[in-house]
Structure formats: C-alpha cells, structure tokens
Amino acid sequence: MLKKKIEEKIAFTLFRLLGFSILGLLIALLGFIVYNGAGVLSWEFLSEFPTEGMTSGGIFPAIVGTICLVIGSMLLAFPLGTMSAIYMVEYAHKAKVAGFIRIMTNNLASVPSIVFGLFGMALFVNTLGFGDSILAGSCTLGILSLPLVIRTTEEALKAIPDSYRTGSLALGATKFQTIRRVILPAALPDIMTGLILAIGRVSGETAPILFTAAAYFLPHLPTSVFDQVMALPYHLYVIATTGVDLEASRPIAYGTALVLIIIVLLMNCSAMLLRNYLARKRGNR
C-alpha cells in the first residue's frame with residue numbers, strides 16, 4: 001500500500017511539473033515577444049500605412065487583411081464543417097461512408113499547409129478565376145481549417161445524450177426538427193470550441209496565403225473580396241527574411257508578432273465569451 005502511494009505521488013508530481021513546464025514555456029514565449037515588441041506599439045503603428053519598403057510606418061493594412069481572411073475562412077469552414085459532422089453523427093453514424101469520410105478528414109488534417117496553398121492557387125486563383133484575392137485566400141484557409149471544425153463538431157454532437165433524441169422523436173418531432181431545435185442548441189457551446197481552435201490555426205498561416213491572397217507591399221485597403229491584401233503573418237515573414245535593413249526592421253517584426261498574438265487572443269476571447277453565454281443560456285432552460 002505504501003509503495004502504491006509513493007508511486008502515485010511521484011506520478012502526480014511528474015504530471016504537475018510537466019503542466020507547469022508547458023505553462024512556463026508559454027509565458028516565456030509571450031514575455032519575449034512582449035519585451036521586444038511592446039516598445040514599437042503606438043497608435044501610429046496600428047493606424048498608419050507602411051512606408052519606405054515596410055521599414056517604417058504602420059501595419060494597418062496588414063491588420064485589416066488578416067481580419068478579413070480569418071472572417072472569410074470561418075464563413076466557409078464553420079457551416080460546411082458543422083453540416084458534415086451532422087451528417088456523420090446523425091444520419092450516417094453506422095454507415096461505411098461515415099467511416100470513409102472520417103478517414104479522409106484525418107488525412108486532410110495531416111496535409112502540409114504549403115500543399116493547401118498550391119491547391120488554392122490552382123483551383124481558386126487560376127481555374128475559378130478569383131485571382132490573388134481575399135476570396136481565394138479565405139477559401140484556401142477555410143479548407144485548411146475544415147478538418148479541425150469537423151472533428152470538434154463531431155465530438156460535440158456525440159457528447160449529447162441519446163435521450164435528447166429519443167425524447168424529441170417521441171414527442172412527434174422529425175429528425176430535422178430534433179437536430180435543429182434540440183441537438184444543435186445543446187452542442188453549440190462545444191462546437192464553438194472548434195471555431196476558437198480554427199481561428200487560432202488560420203490566423204497564423206503564411207504558406208496558404210502566400211500563393212492566393214497576400215501582397216508584399218500594398219499601402220491601401222481592399223475595396224472588394226477580389227482585391228489582394230497584406231496580412232500580418234506574411235508581413236512578418238517578409239520583413240524578417242528579405243534584404244531590407246534587418247536592424248531597422250527587427251523591432252517592426254516583433255511589434256507585428258505582438259499585434260498578431262493580440263488579435264488572435266481577442267478573437268478567441270470573443271468566441272469564448274459567446275460560448276460561455278450559450279452555455280449559461282442552455283443551463284437556465
């Protein structure tokens with residue numbers, strides 16, 4: 001008995017150390033970015049257009065472009081991913097086709113992002129004629145995040161007790177009415193988790209937008225979904241790797257990284273607040 005308690009204590013201590021080490025790594029990473037980038041942040045940096053080959057000025061077009069791409073990709077991935085998961089769980093949960101879709105979804109999730117960029121360029125930019133645009137970039141990022149949305153939504157739907165379904169059907173509701181009025185409202189808070197993860201995934205991607213949407217230097221705002229845009233990940237990549245004065249551009253790179261992290265955190269916090277609101281609303285019923 002004493003040996004088991006000692007082993008249990010050692011195991012819990014090890015798990016606790018691993019958990020705190022991950023937390024410490026995150027704090028160190030964020031602290032490094034904040035320390036090096038906080039000095040650059042100012043209203044001018046956030047609201048002005050880049051100048052002098054992006055070694056001075058602001059990053060406002062890149063901020064707007066990033067937000068447009070994230071919102072556009074979620075408008076594509078969220079409904080498609082949710083409907084796909086509903087089909088697999090509610091309509092074809094015992095069929096072979098559901099297993100095949102699940103396998104293909106897992107394979108799609110393992111495809112490198114650069115491949116999605118090449119696919120988006122071939123399909124959306126060239127074949128469909130969207131050109132290098134917000135629309136082409138959003139569609140590419142939407143496909144990239146689709147497996148994540150499907151799997152998280154599938155798990156959220158599976159977590160709903162079958163008593164919800166049988167009770168609704170016993171009261172005379174159709175299958176579609178049960179899904180729309182019972183299953184989806186109950187699973188929506190957990191489905192929002194997939195949306196949060198997808199936002200974090202697409203907001204930092206560079207390779208997919210490299211071929212489909214991002215511009216090197218574009219000191220104006222887009223006027224339609226068929227315009228090119230600057231984006232924070234690509235902007236950061238350019239000023240950190242091109243032949244510009246690295247000493248002059250390094251503070252801008254850190255400042256850009258900090259702004260990107262802040263935008264992701266704000267989007268995630270907004271989605272979490274919405275998820276918590278839906279969860280509270282569900283609990284009060």
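Among contacts in the protein chain between residues at least 6 apart in sequence, 75% join residues at least 24 apart; contact here means heavy atoms within 4.5 Å. The structure is a predicted model, in which local features need pLDDT of at least 70 and side-chain atom pairs count only at pLDDT 80 or more, while totals for chains, interfaces and linings use all residues. Residues are numbered from 1 along each chain as its sequence is written, and side-chain values use heavy atoms, with hydrogens and water left out.

The protein chain has eleven helices and two strands. Helices (H or I, at least four residues) and strands (E, at least two) are DSSP runs, numbered from the N terminus. Along the sequence the pattern reads α-α-β-β-α-α-α-α-α-α-α-α-α. The C-alpha trace spans about 70 × 65 × 35 Å along its principal axes. Of the 285 residues in the protein chain, 37% are buried. Buried means under 20% relative accessible area, exposed means over 50%, and partly exposed lies in between (1.4 Å probe, protein chains only).

The next topic is the interior. In soluble globular proteins, nonpolar side chains tend to be buried together. A nonpolar core is a set of buried Ala, Val, Leu, Ile, Met, Phe, Trp, Tyr and Cys residues joined through side-chain atoms within 4.5 Å. The largest such core in this model has 46 residues, and those with the most contacts inside it are Ile 59, Leu 69, Ile 209, Leu 232 and Val 259. At least two residues of this core come from each of H3, helix H6 (134-158), H8, helix H10 (232-241) and helix H11 (246-283). H11 supplies the largest share, nine residues. Apart from this core lies another, of eleven residues, among them Val 89, Leu 157, Ile 160 and Ala 186.

Two residues show the surroundings within this part of the chain. Leaving aside neighbours within four places in sequence, Ile 59 is in contact with Phe 45, Glu 48, Leu 232, His 235, Thr 256 and Val 259. Thr 256 is found in helix H11 and is buried, with a relative accessible area of 1%. Not counting residues up to four places away in sequence, Thr 256 touches Phe 45, Ile 59, Leu 232, His 235, Leu 236 and Ile 239.

The structure also holds one cavity of 30 Å³ or more. On a 1 Å grid over the protein atoms alone, a cavity is a set of points where a 1.4 Å probe fits but cannot get out, and lining residues have an atom within 4 Å of a point. Grid points are joined across faces, edges and corners, and a volume is the space filled by probe spheres set on the points. About 40 Å³ of space lies in the largest cavity. Its lining consists of Thr 66, Leu 69, Val 70, Leu 141, Val 202, Ser 203, Glu 205, Ile 209 and Pro 233. Helix H3 (60-91) and helix H8 (175-203) each supply at least two residues of this lining, and H3 gives the most, with three residues. By class, the lining has six nonpolar, two polar and one charged residues. For this count, Ala, Val, Leu, Ile, Met, Phe, Trp, Tyr, Cys and Pro are nonpolar, Asp, Glu, Lys and Arg are charged, and the others, Gly among them, are polar.

Helix H3 also contains Gly 81 and Leu 75. Gly 81 is buried, with a relative accessible area of 0%, whereas Leu 75 counts as exposed at 63% relative accessibility. Gly 81 touches Leu 146, Val 149 and Ile 150, not counting residues up to four places away in sequence. The C-alpha atoms of Gly 81 and Ile 150 are separated by 4.5 Å, although these residues are 69 residues apart along the chain. Leu 75 and Cys 139 are 64 residues apart in sequence and 9.2 Å apart in space, C-alpha to C-alpha.

The structure holds zero disulfides, where a disulfide is a pair of cysteine sulfur atoms within 2.5 Å. Cys 139 is buried, with a relative accessible area of 13%, whereas Cys 269 counts as partly exposed at 42%.

Note on methods. On a 1 Å grid over the protein atoms alone, a cavity is a set of points where a 1.4 Å probe fits but cannot get out, and a pocket is an open set with protein on both sides within 12 Å along at least five of seven lines; lining residues have an atom within 4 Å of a point.
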